[in-house]
Amino acid sequence: MRIFLTLLLAALFCSAALFSENAASASAQGENARTAQGRRPESGIVEGFYGRPWTEAERRMMLHFLGEHGMNLYVYAPKDDPYHREKWREPYPPQEMLALKRLAAEARTSGVELVFAVSPGLDQRFSGWAGEADEKTMLRKLESVHEMGVERFAIFFDDIEHKDGRAQALFVNRLNEELLARHLTEKPLFVVPTEYFLQDMETAGVAKPYTREFAAQLDDDIVVLFTGEGVVPEGISAEDMTEAERLYGRPLGIWWNYPVTDYLPGKLALGPIQGLDETVAERAPVFLMNPMEKPYLSRIALATGAEWLSSPASYDAERAWHTAIREQYGGLAGAMELFALHSRRMEKDWAHTGALDAPLLKEQMEAFWQKVERGERADKEAEALAKEFRRLKRAAKQLKEKLPPETLAECLPQLQLFAQYAESAETSLAMVKARREGSFAHETALYQKIKDVPTEQQKKEEPRLSEQVFADFIAKAKSWHEMQEHGVGRREN
């Protein structure tokens with residue numbers, strides 16, 4: 001009996017010790033998880049684009065999407081909402097206030113915080129009785145929004161001509177103090193200064209007067225957002241962060257301008273978030289992505305942004321992109337991936353961002369033209385290209401027939417162009433083959449089919465995709481035929 005009791009006590013002791021060890025381990029793991037989560041910036045989107053503001057239904061959809069992907073901020077700041085920017089002094093009409101109230105309630109249900117922003121910089125006054133009147137007007141506006149359930153705010157001074165860093169900072173300071181004192185919020189303001197990207201903040205490493213004055217006057221608890229080296233840069237490096245933090249004397253939040261396309265609305269930004277150093281996630285208190293005017297298609301890039309935020313050190317942009325499309329499009333994922341692959345890169349004179357459009361296909365096309373222009377047979381290359389073009393035509397047809405209506409409405413012009421490009425690329429191959437076979441009349445007839453296919457869009461609103469791949473291939477085919485017809489480099493095969 002004594003031996004039994006001894007064994008029983010020993011077993012109980014070991015169990016208690018094991019339980020204690022497991023509990024300690026779980027506690028440590030939980031603490032580590034909380035520490036890691038604490039380092040992750042607040043994140044989400046800023047509806048901050050120029051163009052048609054989203055509808056209430058689109059915003060509700062996006063709130064749920066953000067919550068499901070572990071993001072917690074929705075900043076309301078559509079540039080073309082008149083009461084946000086041009087008519088910022090005027091109160092919202094009753095029906096829009098009620099919509100805002102419903103949106104704030106939906107945000108809470110989704111685990112997302114709705115941040116209401118105002119952009120007063122077009123005509124705000126800072127001094128004398130007019131300045132006092134504008135301060136009171138702003139406070140009344142934010143109070144009215146607070147009554148609808150909004151408990152966090154932002155003031156944006158971006159994209160304006162008049163720069164007064166000191167006056168802007170002092171205004172934001174007073175507003176921030178009043179909001180906190182009146183218990184309209186428990187968190188400091190977000191603010192976008194007029195100089196919000198590195199190239200505009202400094203000259204030869206020295207802060208410009210606006211940046212210097214704004215940074216010197218602004219209270220430490222207010223969160224400043226910046227976009228990186230430029231407005232739409234390739235990425236943000238650790239050095240970019242360090243330099244911007246030096247200029248503003250504080251950690252800076254990020255306003256990331258992808259997948260927004262308001263500067264080139266004919267193109268869809270359907271690629272992954274990329275180019276962000278992992279230290280951005282470690283050091284930025286806030287990370288916001290600016291989406292397209294098209295909320296459903298924006299979800300591809302936004303999902304990859306959520307993936308980057310969850311594990312910036314091991315993030316693989318292409319893998320995250322494949323995963324996002326597969327999760328969002330199910331049985332249409334293969335077709336959608338082929339289409340999206342041709343609409344990822346955003347290029348303008350001051351905008352350079354996004355993964356390349358169809359880089360492997362571009363290599364195949366270049367190999368084909370190298371042989372053709374040397375007068376060599378390119379049968380193998382042509383066969384591989386023809387197979388891919390047929391695959392892309394099938395993808396376009398499948399998407400036009402089976403995409404959900406709300407998504408199809410956002411991309412139909414680009415899908416139609418995609419199908420036209422695939423057809424025209426096939427015709428281009430046939431045109432080259434006709435010349436090799438000496439069928440010059442047939443070659444000319446084929447050229448007439450592609451002659452008017454748009455490959456150099458002049459208006460930014462015109463649908464575009466695959467500018468350096470599909471469009472370039474067809475443009476080269478046109479030029480090649482025209483050179484042959486004029487006897488430049490003509491060869492009899």
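This short talk walks through one predicted protein model, from the whole chain down to a few residues.

First, the ground rules. The model is predicted, so local features need pLDDT of at least 70 and side-chain atom pairs count only at pLDDT 80 or more, while totals for chains, interfaces and linings use all residues. Residues are numbered from 1 along each chain as its sequence is written, and side-chain values use heavy atoms, with hydrogens and water left out.

Now the overall picture. The protein chain has 17 helices and twelve strands. These are DSSP runs, numbered from the N terminus: helices are H or I with at least four residues, strands are E with at least two. The C-alpha trace spans about 95 × 90 × 50 Å along its principal axes.

How much of the chain is buried? Of the 493 residues, 51% are. Buried means under 20% relative accessible area, exposed means over 50%, and partly exposed is in between, with a 1.4 Å probe and protein chains only. The accessible surface comes to about 22,900 Å², and 53% of that belongs to carbon and sulfur atoms. Those areas come from the Shrake-Rupley method with a 1.4 Å probe; for residues, only the protein chains shown count as cover.

Next, contacts, meaning heavy atoms within 4.5 Å. Take those between residues at least 6 apart in sequence: 76% join residues at least 24 apart.

On to the inside. In soluble globular proteins, nonpolar side chains tend to be buried together. A nonpolar core here is a set of buried Ala, Val, Leu, Ile, Met, Phe, Trp, Tyr and Cys residues joined through side-chain atoms within 4.5 Å. The largest one has 139 residues, and Phe116, Met336 and Phe339 have the most contacts inside it. Helix 15, residues 405–436, gives the most to this core, with twelve residues. There is also a second, separate core of 17 residues, including Phe156 and Phe190.

What does Phe339 touch? Leaving aside neighbours within four places in sequence, its contacts include Leu268, Leu399, Gln414 and Phe418.

That brings us to Gln414. Gln414 sits in helix 15. It is buried, with a relative accessible area of 4%. Beyond residues up to four places away in sequence, Gln414 touches Pro265, Gly266, Leu268, Phe339, Pro463, Arg464 and Leu465.

Last, some backbone details. Most residues other than glycine have a negative phi, and most peptide bonds are trans. The bond from Tyr258 to Pro259 is cis, with omega near 15°. Pro259 is in the loop between strand 9 (253–256) and helix 9 (278–283).

Asp159 has a positive phi of about 55°. Find it in the loop between strand 4 (153–156) and helix 5 (165–181). Asp159 is partly exposed, at 32% relative accessible area.

Ser466 also has a positive phi, near 50°. Its loop runs between helix 16 and helix 17 (470–485). Buried or exposed? Ser466 is buried, with a relative accessible area of 0%.
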